[in-house]
Amino acid sequence: MPTRWYDNLKKNYLNMKSLIINLLIFSFLSFFSFSQVNGYFGKKNFLDVNVNLHLPLLYNFNNQLSFSSLGYLNKNGVLEQKMPKINTGFNFSYLRVIQRNIGLGLEMGLSNFRVVPNIGNSDFYTNAVIEMIGVRKFSILPKIEFSYEDALLPIGISNQIGVGVNYFSAIERGYIGSVSKYNESSYSSDLVSVSKDNYYNFETAESVKSYTILYKLTMRIPINKYLLCNFGFRYTFNFMPNLNDIIGTISSSSSEDYVLDQESFTRSIKNKENRSLIMFETGITFSF
Amino acid sequence: MKIFSILFFVSFSFITLSQQDFNNFQTLKSIGQIPKDFSNLTVDKIKEDLGNGNRDLSKSQEKIFLEGIHYGIDQLLHSGMVIYGDEISNYVSQIADKLLNKNYPELRSKLRFYTIKSNESNALSTDQGIVFVTTGLISQLTSEAQLAFVLAHEIAHYKDKHVVEGFEYRNHKNRNTIKQLSVYSKEKEFIADKIGIEIYQAAGYAESQLLPSFDVLMYSYLPFEELVFPNSYFNSDLVYVPNQFFPNKKYEIQAIEDYDDSESSHPNVKKRKEEAKKNINEYRNWGKEIFLLGESKFTYIRNLCRFESIRTDILDASYGDALYSIFLLEKDFPNSVYLKRLKAQTWLGIAQYKSNGSINETIDRNSELEGEIAAVHFVIKKLNLEATLTMAIRQIQDVKYQLPSDDEINAIWLKMVQLLASNNKFNIKNYSTFNFDQASKENGNIVNDSLQKENSESLNKYERIKRKKNYTDPSVFDSTKFYYYALTDLIDDSIFKKAYYDVKDSISEEEKAQEKYEGLSSSEQRKYKLEQQELNKKTLNEFILVEPSAISYKKNRVDYEASERMKSKYETAINNAGVTLGISIYTINSGKLNELGTVGFNERSVLTNLFLQYSQNNDIDVFPVDYSVLKEIENNYGTTKIVFTIVEHAYRPQFSSSSLWLIFYPPALLGYIPIPFMKGNQTELNLLVLDTKTGKIENSISYNFSEPMTKLILEARMYDILKILNN
């Protein structure tokens, strides 16, 4: 039975619950600051609502080089060899100012992207050409924000550093592709193209968890006493799980479906994440 | 005839009534409607002048010239030193009428005359037709004719457009000070003298006053009179200052006519006199007038300037000069309350600077001592701290005896007592119940500084040493410690003792509290600090905001237009932040002069001068020289808090060499490169809160930030600053 992306979240719920509770306690403690913090017109709490844009140039370039990993997109039911030009996402980020130039925050974000699947072949099928898989990434990371000595957060330029967790889930829907099939009866090498739908089996593909280190450079400019606009760049360094733990977990299936196994899925994510370092981000900041 | 006599009497009374009473002198202030020179904005003046004036300059040169001239002049006009519509400005105007109305009426119609309250002996004219004369100059003159010549000289500079030519000659030098504003080439000075003599002669003034005018200028660095300062000046029934504290030689006056003028903007006096003689000889029909407007009028005007000069000396913390000038004027005005108040202020200032260890800032160096005034500087220097403190309280107390119910004197007295009590060097218990005369007689000495004499036969070594230190014992007499015999009246004075010991007790309590604090643990110390912060919380619910000084730089040059805009932005931001926080802010600035009128202009001048006074030495809580006027301002606005600000801004992105490693990681450059540009705005704001009730600087803050100076960012910053000041 296909898993929902949030089912995987539930699995890690207990871990996340304790994480969030710890973060909240941590943030709450920051209310007890001994230094005088006047904030932005008296406000010390801020919520960033941002969109981020990523140009997967490096990932696309890398896939162009690798003949077996070409990316295909669904163009009205027809596969087109094409890589997505832009990935988007959004996030919410809460900031509590504890000193004039230091704040503590928590960020939660959601973004979508596509990966070229690393599919294993069965005995009778080969030369698979498959649509890029949609992946949903959920991230949560606490962070610290700091600026120069005389800064008044959140105005102006500031740096953010965080360490967090990402959860990647494949988006469950129909994907199209084409495969070459051997003639079973003749065992000849004649190849027959076959298009199939829904031939991914998600049962074995659980969500992938990775750790990330974030550095973000943000500029916030006031619009009025309650709103600021922000923009900046975020750099992420991602640490994927050890592939040795999941190699060889390909399960053979008697069905003619191709299997997106854990190893393949993880490799695909890793391939993508290792080449996704910089994002541009912009949004609105609310003060309260 | 009877009616005529009555009318004459009434008009005479009116004239005398409108004159200052020197016994109750008040600092000169502007009168009447604000002239456009003061009320028009600099930006508008530049726009109006561009393209007019027939200057032989290119468009960009003209813009730079006009910016420099107009902003420089406006800085002077709004400095708090310039007045209009006052008796001196009117008098100078009348002399200009005598000089020009008959032969140069058109020229006369273009000129305006204002007075600068400065002890610098100078006059200057500007390209716009403004002629300034300083009170320092008029103090030095001996006749109206001399003033007429100085004016004629300055008018000649304007007539011949020397200001523009001087701009080309000097090539865009900054001219913000009075000196720099009046600098021309030496050749132009000769031409101005020649034309000046022409104008002077045509008005009918006497030839005999021309060459002495140059003498006035040569010796103008000295006081306005050269009278011997007697050693007995400070003496009275209660105090005697021995001769050993006065110089035993005369300090010669060093000025010479033929000094080396190679690095001076003006030709030396000898050259000027020689040229002037040639010019004088060109005319045959010289007039005989020395006082066209009357000698008594001139003397009156000069006295106004001389009285004003003491105030300026105190503003500049030139206490030696102030004391000598008071001595000079006391001869003619012995009952002047103003002089008494300023004497008390001067002594308080001397005591404060001596306590602070910076007395040399207020007196001349030994190498600079010249003339009779040298004696005053010598004495101030010679007195040690204890002696100075004693002399100060002595002089102030004597003034207080003469004016016991004068608020200002009482305030000065209290401040002096507080200074005594907080100074470890002063101990009232050391002081003798005998005055100098009594003590010296008790010791068998006459009052001529003979050495102490003691009966040592019955005493051992240690007893003798103890007696030497006990000046309450009149048999132990040391003339060098004359001050121990100067406070006989105060030792048992209940009012003095109460004030003195009140301060002593509070200092002692503070010290005990400090000792206790040092014995506490870190958490207890933190808790104690919070409690103290809460107890000593200073609120700033309302204040007077004096026009800030704002300077914006562009490419290392002052950008005048940007500076004006920045000033306006700052004022708007702080007012808006005040509204948000519920703080009442009363702004006094150039932009509101039309609304505030001359009253506002005068108030701003007083407050600006107050700031100048405090900025002489940040460690000293000076007594405001315009104390009485300040009280009026407090009553007017209902607050004693005054805020002064200086804002400076420049855009200077700075790149760090340590970031060169980023070239190995190009993606990082994408984020890093914009940072220096985003942080390139460097704004520094220095804000000072003065409480005129306590006479202390209540709070000060130096505040920096790197964001662009947009309206909202500035307002957020002002909000932060006001919150800090309120905590």
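This is a predicted model: local features need pLDDT of at least 70, side-chain atom pairs count only at pLDDT 80 or more; totals for chains, interfaces and linings use all residues.
Together with Leu151(B), Ala392(B), Ile396(B) and Met416(B), Ala148(B) is among the residues with the most contacts inside the largest nonpolar core, which has 124 residues. Helix H8 of chain B, spanning residues 144-159, supplies the largest share of this core, with ten residues. Apart from this core lies another, of 48 residues, and among its members are Phe46(A), Leu607(B), Leu685(B) and Leu688(B). In soluble globular proteins, nonpolar side chains tend to be buried together.

Four strands of chain B form an open sheet with mixed pairing, in the order E1-E2-E4-E3. Its edges are strand E1 (82-83) and strand E3 (123-125), each of which pairs on one side only. At the E3(B) side, the partner is strand E4 (residues 130-134) of chain B, and the two pair in the antiparallel sense over three bridges. Ala123(B) stands opposite Val133(B), a residue in E4(B).

H8(B) lies across E3 and E4 of chain B and runs at about 25° to E3(B). Helix H5 of chain B (residues 87-100) lies across E1, strand E2 (112-116) and E4 of chain B, running at about 140° to E2(B).

Terms used: Residues are numbered from 1 along each chain as its sequence is written. Chains are lettered from A and ligands numbered from 1 in the order in which they are written. A nonpolar core is a set of buried Ala, Val, Leu, Ile, Met, Phe, Trp, Tyr and Cys residues joined through C-beta atoms within 7 Å. A residue is buried if 20 or more other C-beta atoms lie within 10 Å of its own, exposed if 12 or fewer, and partly exposed in between; C-beta atoms are placed from the backbone. Two strands pair if DSSP finds at least two bridges between them. Two residues are in contact if their C-beta atoms, placed from the backbone, lie within 7 Å. Axes are lines fitted to C-alpha atoms, for helices over the stretch in contact, and angles run from 0 to 180 degrees between N-to-C directions.
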